[in-house]
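Please keep the sequence and the structure in view while reading.

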Amino acid sequence: MDSIKNYYNHYDEDGRLLKKNRRPEYLLTMEHIEKYLFDDAKILEIGAGTGRYSIALADKGYDITSVELVSHNIEIMKKKVKAEHHIKIIEGNAVDLSFLEDETFDIVLLLGPMYHLFTDVDKHAALSEAIRVAKTDGVIYAAYCNNDTCMYKMFYERRILGLLEKGMITDDYHAISSPNEIFELYRKPEIDEMMKRYNVTRLHFVGVDMLSYVVNNKLNRLNKREFEEYMKFLHSICERDDMTGFSIHMLDIFRKNHFEFDK
């Protein structure tokens with residue numbers, strides 16, 4: 001975890017979603033969260049970062065529990081908390097939420113931890129914990145970074161040859177990740193395979209930013225009207241099976257079923 005903590009100690013996580021090329025990820029994620037909100041819903045965010053989602057949902061009056069690994073991020077989040085917010089901030093790790101009771105939350109957000117888990121044991125621990133603390137019929141949101149669109153980005157940034165020479169990319173162009181590389185990358189079939197062991201029902205699989213990161217410089221030059229049309233376009237394609245594979249960030253949204261899930 002030291003590499004991850006060091007990364008976020010020096011990264012502007014708080015400003016990450018403000019630029020036009022990053023805004024689609026936030027806007028489409030929030031829109032899909034809002035689909036399943038209801039009065040008095042209890043929300044857990046695991047890997048809350050600096051609180052971009054937690055604070056926005058607290059602003060709407062929801063009861064929020066925010067779990068975050070990096071103390072630097074927690075200090076930034078605490079500065080955003082208002083007197084009227086109902087928010088509890090806990091320093092903790094996504095793979096062990098033993099400090100939280102079973103069947104507690106209506107909405108569970110796992111929007112960052114799967115980016116930084118590198119073994120099957122840890123990945124399943126995080127998913128199992130998120131599902132465990134969700135109420136039956138609760139909705140869980142798990143975010144992933146897409147391997148193949150990241151490969152496109154490496155070509156555009158002219159970084160691909162260096163990565164190949166270091167042995168960090170397989171013959172079929174799958175990144176070989178480790179804590180030193182910070183990010184774990186996925187293909188959708190790998191996510192589908194992981195989810196087979198859980199008794200959940202998928203509600204949506206969303207490409208929340210599509211190619212926005214890859215064409216970032218040009219996208220940042222869009223005027224307000226052009227950006228509005230761009231968002232309409234993303235809305236029209238973000239859940240199409242033939243398009244979600246183009247997204248840098250993928251969001252898996254599923255409901256916890258009534259029967260016990262396998263661990």
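A residue is called buried under 20% relative accessible area, exposed over 50%, and partly exposed in between. In this predicted model, tyrosine 173 has a relative accessibility of 36% and therefore counts as partly exposed. Two or more residues of the patch come from each of α6 (147–156) and α7 (160–165), with α6 giving the largest share, three residues.

Helix α4 (residues 71–80) includes the buried residues Asn73, Ile74 and Met77. Because the buried residues of α4 fall within an arc of 100 degrees when seen down its axis, they line one face of the helix.

The structure holds 17 salt bridges, among them the following.

| Salt bridge | Distance, N to O |
|---|---|
| Arginine 132 – glutamate 129 | 2.7 Å |
| Lysine 188 – aspartate 192 | 3.1 Å |
| Lysine 196 – glutamate 193 | 3.0 Å |

Arginine 132 and glutamate 129 are both buried, and they lie three residues apart in helix α5 (residues 120–133), about one turn of the helix. Lysine 188 and aspartate 192 are four residues apart in helix α8 (residues 188–195), and so about one helical turn separates them. Lysine 188 is partly exposed at 26% relative accessible area, as is aspartate 192 at 25%; both belong to a network of salt bridges that also links Arg202 and Asp252. Lysine 196 is exposed, at 62%, whereas glutamate 193 is partly exposed, at 49%.

Conventions
Residues numbered from 1 in each chain as written. Predicted model: local features only at pLDDT ≥ 70, side-chain atom pairs only at ≥ 80, totals over all residues. Heavy atoms only, no water. Buried < 20%, exposed > 50% of the residue type's maximum accessible area, 1.4 Å probe, protein only. Arc of directions from axis to C-beta. Salt bridge = Lys/Arg side-chain N within 4 Å of Asp/Glu carboxyl O.
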